[in-house]
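Please read them alongside the sequence and the coordinates.

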Amino acid sequence: MELGNPIIIVSTFGRGHWLASALAQEGIKTTLVDVTSKLGVWPTEDVEGPFGFFRNEKISESQVDRLYSEDAFEEVPNGFSLWLPEGPIEFKGPLTKFKIDNLPLVQPVRDLLFSSAQDKNAKLLYKNLEALNFDQSWLLHFAHQYAGTTYMPNARGAAAGDFLPLLSSFLVRQSTRAGFDRSLEWLRSKGVEVAQPQQIVDASFGAGKAVTGLEISGESQGLFRLEQLVWMLTSEESYFLNERLGKYFFPEGPLESEWCWVRYRMGLKQCFERDSLPLHAVIVDDLYSPWTHENLMVLQRTTLQDQFDVWIRIPTVQRFNKEYLTTRSNRMISHLSRRMSLAEPQVLTFPQEYYYTYAQLGAPRYPIFSEAQKSRRGKVSYSNLHLDGPEEWPHYAWSASFASNEVIQGRIGLWWKEKLLKEQKEKRRKEQNP
């Protein structure tokens with residue numbers, strides 16, 4: 001049985017939902033093939049991640065509509081929060097200006113992060129950034145590295161990716177499976193055909209190094225014909241899903257990350273410090289030590305008052321090492337105890353990697369790649385294949401995925417206009433020469 005639409009988007013964990021809806025709204029028939037259930041045993045907390053949502057003028061109303069198609073976001077009243085050894089900094093609170101003014105940052109860094117500096121000034125700053133002391137520029141490096149997909153040492157953090165708008169409104173949410181299902185229904189309401197196959201078995205190819213179809217098994221099975229394919233999986237996820245497809249689209253093999261984020265569930269007893277914690281806070285123990293392991297922890301409240309999700313970055317090669325994960329947890333408890341001695345922190349659950357194998361989990365949910373892997377990222381093997389996902393994004397904030405979606409939307413939109421123009425010309429030619 002042959003099925004399909006001109007555009008097929010292979011998606012996982014909600015990636016590309018806005019792109020699918022935007023293309024459908026332009027009148028381009030689009031199918032979104034969701035393979036989330038085939039990529040590991042992941043609770044919704046792991047799917048959501050630790051990065052929240054920075055809302056600024058770059059986020060369009062249709063993109064906000066997509067975000068709220070799932071579970072609702074809750075704004076953190078005082079914005080994004082950093083808890084440093086000398087105290088917290090809230091980036092939208094009444095003391096924000098006072099706190100920032102008391103940091104030894106140079107004025108160009110302040111202008112770029114908080115005053116939307118002109119492009120020429122920004123370029124000049126980045127050009128001369130290595131000449132500044134780390135004390136004078138650390139916050140810009142942090143804004144690049146916190147959610148970055150490329151790992152760089154602290155003092156070179158701004159050399160990769162883009163920075164987060166720390167002063168923007170900051171929102172977080174408690175994600176649920178029901179919310180994800182609502183997002184699929186939202187897609188259908190926008191005119192997108194949604195398929196959740198048992199497996200993508202194979203792909204077909206035509207002349208000019210083009211993908212022509214995907215063979216899918218499941219409720220709607222058969223060969224899905226296509227003219228443009230958007231592939232939202234990383235190379236490692238692709239090999240985990242189907243090694244044959246991985247070899248087609250990433251012939252150099254899966255790109256293995258250098259670092260990844262993992263999530264612990266911690267219990268904290270009632271005390272002033274715990275009760276004062278916002279919905280989301282980033283704890284940095286030592287600005288001068290690498291922003292990894294327990295030196296940088298993301299604390300996010302859960303639906304239970306005494307339970308918090310704690311995220312840290314660890315080397316990817318250690319993610320299934322139980323002894324390593326236990327050592328990290330003990331050090332996390334030590335760090336948190338120094339900050340909140342009465343909270344008596346304890347680990348309630350370890351990361352998923354503690355309980356499952358690679359065969360059950362697959363690729364890490366939030367991989368971070370080394371600078372040396374840059375040349376491997378985003379290499380396209382076929383003329384009508386568009387890659388998207390963590391290997392293509394500069395960071396994990398929603399603005400990065402939306403920006404990537406917009407680039408692909410522009411390419412496909414241009415292709416669609418040219419296709420319609422050719423069809424119109426051919427139709428006129430046949431009418432003139434019956």
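1. Basis. The model is predicted, so local features are given only at pLDDT of at least 70 and side-chain atom pairs only at pLDDT 80 or more, whereas totals for chains, interfaces and linings use all residues. Residues are numbered from 1 along each chain as its sequence is written, and side-chain values use heavy atoms, with hydrogens and water left out.

2. Open sheet. Five strands form an open sheet in the order E10-E3-E2-E14-E21, with parallel pairing. Its edges are E10 (193–195) and E21 (385–387), each of which pairs on one side only. From one strand to the next the twist averages 20 degrees. Helices (H or I, at least four residues) and strands (E, at least two) are DSSP runs, numbered from the N terminus; two strands pair if DSSP finds at least two bridges between them.

3. The E14–E21 pair. E14 (residues 228–231) is joined to E21 in the parallel sense by three bridges. Valine 230 has histidine 386 of E21 as its bridge partner.

4. Helix over the sheet. H15 (residues 398–432) lies across E2 (7–11), E14 and E21, and runs at about 165 degrees to E21. Contact here means heavy atoms within 4.5 Å. Axes are lines fitted to C-alpha atoms, for helices over the stretch in contact, and angles run from 0 to 180 degrees between N-to-C directions.

5. Neighbours of E16. E6 (residues 81–84) pairs with E16 in the parallel sense over two bridges, with leucine 82 opposite valine 282. E17 (residues 293–301) runs antiparallel to E16 and is joined to it by five bridges; histidine 280 stands opposite glutamine 300 there.

6. Positive phi. Most residues other than glycine have a negative phi. Phenylalanine 13 has a phi near 55 degrees and sits in the loop between E2 and H1 (17–25). Is phenylalanine 13 buried or exposed? At 12% relative accessibility, phenylalanine 13 counts as buried. Glutamate 344, with a phi of about 45 degrees, lies in the loop between H12 (322–339) and E19 (346–349). Because its relative accessibility is 46%, glutamate 344 counts as partly exposed.

Methods. Buried means under 20% relative accessible area, exposed over 50%, partly exposed in between (1.4 Å probe, protein chains only).
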